[in-house]
Amino acid sequence: DEWFSRGKKLPEDPGADTVDFPKRTTPAKGYELLFQPEVVRIYISLLKESKTPAILEASAGAIQNLCAGSWTYGRYIRSALRQEKGLSAIADLLTHDSERVVKAASGALRNLAVDLRNKELIGKHAIPNLVKNLPGGQQTPAKNLPEDTVVSILNTINEVIVDNLEAAKKLRETQGIEKLVVINKSGNRSEREVRAAALVLQTVWGYKELRKPLEKEGWKKSDFQVNLSNASRTQGGNSFDDSTL
């Protein structure tokens, strides 16, 4: 607790390319080794080189956990992952055959997207693969992922498009709206999936710039109106997933 308390919980700084890691006077030891700068390179190497699903899942899960929250070291690791070109390695896992790897990658991207620069990059490059993992649409073969994974993907999409108009546009361009509406209106998806999809639809409709283009494509305001009596907007925007894999 003493070591963790040294990191001030400051808001993410969109103008910072780096986050100053606390200077050490003695070598890291014990659990401190889990969040040192060099650990980022180890995880990225595992993500790029390993072919074993369990290792890929565990590596992405470790990144997800290290990036959960606003503590100094989480902020540093979010920045370091970007600088070390790790975002693309994690985004590539969204196309993996293992559902567990896809879920872990999705959770890691959600927490990494708390960093505004990461959010922009993830919006540009990961939205298409996130959408491909959603049920419905014209894709062949159709994805049939478990509820927990679908909810994780939906929450990640929402995190990425909140305060990110370009990512919301990318979602619209990649068949995302169609899939979200299908989840809400098909009647065969779970309540958790419907609620998560509804949050994304709410976020999309919140962009006035998108309403006319959406209406030209045949969408109506009612398509974006879903009963959210039990849902909370706090699931999007500077939120993070602190579940442990």
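I take buried as under 20% relative accessible area, exposed as over 50% and partly exposed as in between, with a 1.4 Å probe and protein chains only.

**Entry 1: ground rules.** I am working on a predicted model, where local features need pLDDT of at least 70, side-chain atom pairs count only at pLDDT 80 or more, and totals for chains, interfaces and linings use all residues. Residues are numbered from 1 along each chain as its sequence is written, and side-chain values use heavy atoms, without hydrogens and water.

**Entry 2: two loop residues.** I looked up Q175. Q175 is partly exposed, at a relative accessible area of 25%. Its phi is near 70°, a positive value in a residue other than glycine. Q175 sits in the loop between α9 (165-173) and α10. Next I checked K85. Phi of K85 is near 60°, again positive in a non-glycine residue. K85 belongs to the loop between α3 (72-83) and α4 (86-92). K85 has 57% relative accessibility, so I log K85 as exposed.

**Entry 3: the whole chain.** I found twelve helices and zero strands. I use DSSP runs, numbered from the N terminus: H or I of at least four residues for helices, E of at least two for strands. The protein has 245 residues, and 50% of them count as buried. Its accessible surface is about 12400 Å², with 50% belonging to carbon and sulfur atoms; the areas are Shrake-Rupley values with a 1.4 Å probe. Among contacts (heavy atoms within 4.5 Å) with a separation of 6 or more, 74% join residues 24 or more positions apart.

**Entry 4: α10 and α11.** I followed α10 (residues 176-185) into α11 (residues 191-205). Their axes come within 9 Å and cross at roughly 135°. The α10 and α11 crossing is left-handed: the near helix is turned anticlockwise from the far one by less than a right angle. α10 brings I177, L180, V181, I183 and N184, while α11 brings E193, V194, A197, A198, V200, L201 and V204. I log ten nonpolar residues, one polar and one charged in this contact. Nonpolar covers Ala, Val, Leu, Ile, Met, Phe, Trp, Tyr, Cys and Pro; charged covers Asp, Glu, Lys and Arg; the others, Gly among them, are polar.

**Entry 5: α1 and α2.** I turned to α1 (residues 37-49) and α2 (residues 53-66). They pack at about 145°, with axes 9 Å apart. Their crossing is left-handed. Y43, L46 and L47 of α1 meet I55, L56, S59, A60, A62, I63 and L66 of α2. I log nine nonpolar, one polar and no charged residues here.

Terms used:
Axes fitted to C-alpha atoms, helices over the stretch in contact; angles between N-to-C directions.
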